[in-house]
Amino acid sequence: MNDLQELYDVHSYTEKLDLARDINTPAHILEELSNDKSYWVPIYVAVNPSTPIHILEKFYNNKSRNFAFKLAIAENPSTPAYILEALSIHYGSISRTVMFNSSTPEYVIEKTYYQSIKSQLKFC
């Protein structure tokens, strides 16, 4: 067993959550935590601004990931613009979260805003 695996095995669930959300957690630990079998640990990794982009891309491309993952990725300021743009098509909480993400390009914010106005007008 390698040192990383030993470190990972001895951590309690609460310690894993703390590591997953800590911006000072090294990338290789975040990578390990991204594969955790629990529900919340990978979500905390997804929202951590220190999470490497390839892990965010992996989460985004995993179609079995649910609403909470999409919301966490939308909130993360390190999420690439192309993912934020793709997430902006979701109505409700996810598109609002994309709009308030400080890294969302202006054109995505405008597009999302106009989409939400258009969808509201359909119901009038």
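Are K16 and D36 buried or exposed? Both are buried (under 20% relative accessible area, with exposed over 50% and partly exposed in between, using a 1.4 Å probe and protein chains only).

This is a predicted model, in which local features need pLDDT of at least 70 and side-chain atom pairs count only at pLDDT 80 or more, while totals for chains, interfaces and linings use all residues. Residues are numbered from 1 along each chain as its sequence is written, and side-chain values use heavy atoms, with hydrogens and water left out.

Side chains of opposite charge can pair when their charged atoms come close. The whole structure holds 3 salt bridges (a side-chain nitrogen of Lys or Arg within 4 Å of a carboxyl oxygen of Asp or Glu). One of them joins the side chains of K16 and D36, at 3.2 Å from N to O. This pair links distant parts of the chain, 20 residues apart: K16 is in helix α2, and D36 is in the loop between α3 (27–34) and α4. Helices here are DSSP runs of H or I, at least four residues, numbered from the N terminus.

R21 forms a salt bridge with D18, with the closest N and O atoms 2.8 Å apart. Both residues lie in helix α2, 3 residues apart, about one turn of the helix. R21 counts as partly exposed because its relative accessibility is 45%, and D18 is partly exposed at 35%.

E85 and K111 also form a salt bridge, their closest N and O atoms being 3.1 Å apart. E85 sits in helix α7 (residues 81–87) and K111 in helix α9 (residues 106–122), 26 residues apart.

Terms used
Helix = DSSP H or I, 4+ residues; strand = E, 2+ residues; numbered from the N terminus.
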